Amino acid sequence: MEMGKKLLAAGQLADALSHFHAAVDGDPKNYMAYYRRATVFLAMGKSKSALPDLSKVIELKPDFTSARLQRGNLLLKQGGLDEAESDFKKVLKSNPSDKEEMEAQSQLIKADEIQRLVAQARSSFNSQDYVTAAAQLDTVIETCVWDVASREMRAECFILMGEVGKAINDLKAASKLKNDNTQAFYKLSTIYYNLGDHEMSLNEVRECLKLDPDHKQCYSHYKQVKKLNKQILSAEELIQEQRYDDAVSKYEAVIKTEPNVHHFTLLAKERMCHALAQGQQASRALSVCGEVLQSDPENVNVLKDRAEAYILEEQYEEAIRDYETAAKHSENDHQIKEGLERAQRLLKQSQKKDYYKILGVKRTAQKKEIIKAYRNLAKQWHPDNFQEPEEKKKAEKKFIDIAQAKEVLTDPEMRTKFDHGEDPMDPESQQGHHHYQHFRGGHQGFNPFGSGPFNFKFNFN
């Protein structure tokens with residue numbers, strides 16, 4: 001025993017605990033061995049383990065006031081108010097020291113006050129005055145820090161007050177304070193679910209099922225969360241694989257699986273907005289993105305995706321406005337900065353020459369579509385088709401524009417530059433970049449008609 005006391009005094013708690021374990025095993029009737037072990041447990045913060053040892057001490061030696069006083073204090077912290085009051089009263093009747101008497105008297109008064117506050121909190125809760133109930137329970141929990149029932153009631157108050165973050169904190173504490181608290185895990189799972197956090201919801205409901213695999217509420221909820229979680233993860237994989245149409249369909253399935261939780265509908269539509277914008281389905285993207293922004297006007301990701309959809313629709317001013325709004329809420333986002341600069345260049349470019357408009361094709365047009373449009377327009381505007389000098393002159397200009405548009409849009413490098421707001425045929429927009437020579441050096445040096453007087457022999461390649 002003396003060795004154990006020395007180890008405890010030196011702060012070697014693990015060694016002291018091992019020593020007192022051996023002492024208890026060696027002499028199960030030695031109340032001091034239990035008391036010393038309880039003291040080690042308390043020093044280690046293991047009050048649950050200390051409580052049975054203190055009870056054993058009192059069983060072996062009912063007049064051991066220090067053990068009874070310590071047990072009363074632990075019971076008070078746990079919210080066992082009747083048992084705590086009983087211990088404090090017995091201490092006062094058992095010839096305590098002055099210090100013990102003073103502490104027992106003080107704690108007895110406190111326990112009585114807590115009893116009254118708990119009753120008032122229940123009354124406030126039943127009257128649906130959740131703010132008052134929560135405030136009363138705040139005072140209770142200041143003393144009864146390990147009281148599961150008070151924390152669970154306060155969590156319910158917070159839920160009904162809409163303060164779910166505080167409710168989560170109380171329920172997490174309750175799930176740890178009570179070993180088999182399946183209901184706390186179930187409530188945590190449903191809260192996370194209603195917040196749209198499917199992964200945390202799944203984690204918490206699994207904890208419930210670990211404690212009780214046959215728990216009806218948890219098992220039913222688990223099946224729903226698991227299905228939804230699987231659909232969302234599958235949709236995200238499809239986005240990563242750039243299978244945007246399939247991703248949109250999968251997120252539509254998410255909405256059907258859970259139509260009643262607004263957060264999941266919003267999440268699904270946010271990701272549909274992204275997939276549609278990436279899949280260049282601009283018109284539908286604008287509609288879906290708009291639905292999300294009605295509920296969440298500061299959603300930076302959706303603002304960026306809608307801006308990209310506006311660019312696809314050549315609505316550059318709207319794209320600029322969305323990027324500027326996004327920038328207010330995410331100042332250091334390089335994607336926003338680059339997107340805004342590109343939209344501004346494209347707006348400026350659209351006010352000049354637009355090769356897509358010249359050929360009458362969309363920005364998403366494939367090379368075959370571009371060549372087909374070029375051939376049709378080249379035949380239509382070939383200067384040989386016009387006799388009047390003014391008409392011929394107009395046709396020559398139009399024909400050059402058509403040929404330039406075809407050259408830019410069928411060359412991947414030139415088209416990329418143009419899509420980013422630079423005109424490869426305009427030396428001014430190149431801003432010091434190396435210019436394409438011959439046909440690719442701007443209007444200078446480019447003559448689709450050959451040399452000398454117009455001799456229109458043209459290959460439609």
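In which helix is Ser124 found? Ser124 is found in helix α7, residues 98-126.

## Basis of the model

This is a predicted model, in which local features need pLDDT of at least 70 and side-chain atom pairs count only at pLDDT 80 or more, while totals for chains, interfaces and linings use all residues. Residues are numbered from 1 along each chain as its sequence is written, and side-chain values use heavy atoms, with hydrogens and water left out.

## Overall form

The protein chain has 23 helices and zero strands. Helices (H or I, at least four residues) and strands (E, at least two) are DSSP runs, numbered from the N terminus. The protein chain is more spread out than a compact globule, because its radius of gyration is 38 Å, well over the 23 Å that the globule rule gives for 461 residues. The radius is taken over C-alpha atoms, and the rule is 2.2 Å times the number of residues to the power 0.38. Along the principal axes, the C-alpha atoms fill a box of roughly 125 × 55 × 40 Å.

## Surface and contacts

Of the 461 residues in the protein chain, 46% are buried. Buried means under 20% relative accessible area, exposed means over 50%, and partly exposed lies in between (1.4 Å probe, protein chains only). The protein chain exposes about 25,000 Å², and carbon and sulfur atoms supply 47% of this area. Accessible areas come from the Shrake-Rupley method with a 1.4 Å probe; for residues, only the protein chains shown count as cover.

A contact means heavy atoms within 4.5 Å. Among contacts between residues at least 6 apart in sequence, 50% join residues at least 24 apart.

## Charges and salt bridges

The protein chain carries 67 positive and 71 negative side chains, and the centres of the two sets lie 4 Å apart. Lys and Arg count as positive and Asp and Glu as negative; His and the chain ends are not counted. The place of a charge is NZ of Lys, CZ of Arg, CG of Asp or CD of Glu.

Side chains of opposite charge can pair when their charged atoms come close. A search of the whole structure finds 24 salt bridges, each a side-chain nitrogen of Lys or Arg within 4 Å of a carboxyl oxygen of Asp or Glu. Asp138, Arg151, Arg154 and Asp170 are linked in a network of such bridges.

Asp333 forms a salt bridge with Lys304, with the closest N and O atoms 2.9 Å apart. Asp333 lies in the loop between α18 (316-329) and α19 (334-350) and Lys304 in helix α17 (residues 300-312), so the pair ties together parts that are 29 residues apart in sequence. Asp333 is buried at 18% relative accessible area, and Lys304 is buried at 10%.

Arg363 pairs with Asp419 in a salt bridge whose closest N and O atoms are 3.3 Å apart. Arg363 lies in the loop between α20 (355-359) and α21 (367-381) and Asp419 in helix α23 (residues 412-419), so this bridge ties together parts that are 56 residues apart in sequence. Arg363 is buried at 10%, whereas Asp419 is partly exposed at 23%. Arg243 forms a salt bridge with Asp246, with the closest N and O atoms 3.2 Å apart; Arg243 is partly exposed at 42%, and Asp246 is partly exposed at 36%.

## Two serines

Ser124 counts as buried, at 11% relative accessibility. Not counting residues up to four places away in sequence, Ser124 touches Asp129, Thr132, Ala133 and Gln136.

Ser49 lies in helix α4, residues 47-60, and is partly exposed at 31%. Ser49 and Arg37 are twelve residues apart in sequence, and their C-alpha atoms are 9.4 Å apart in space.
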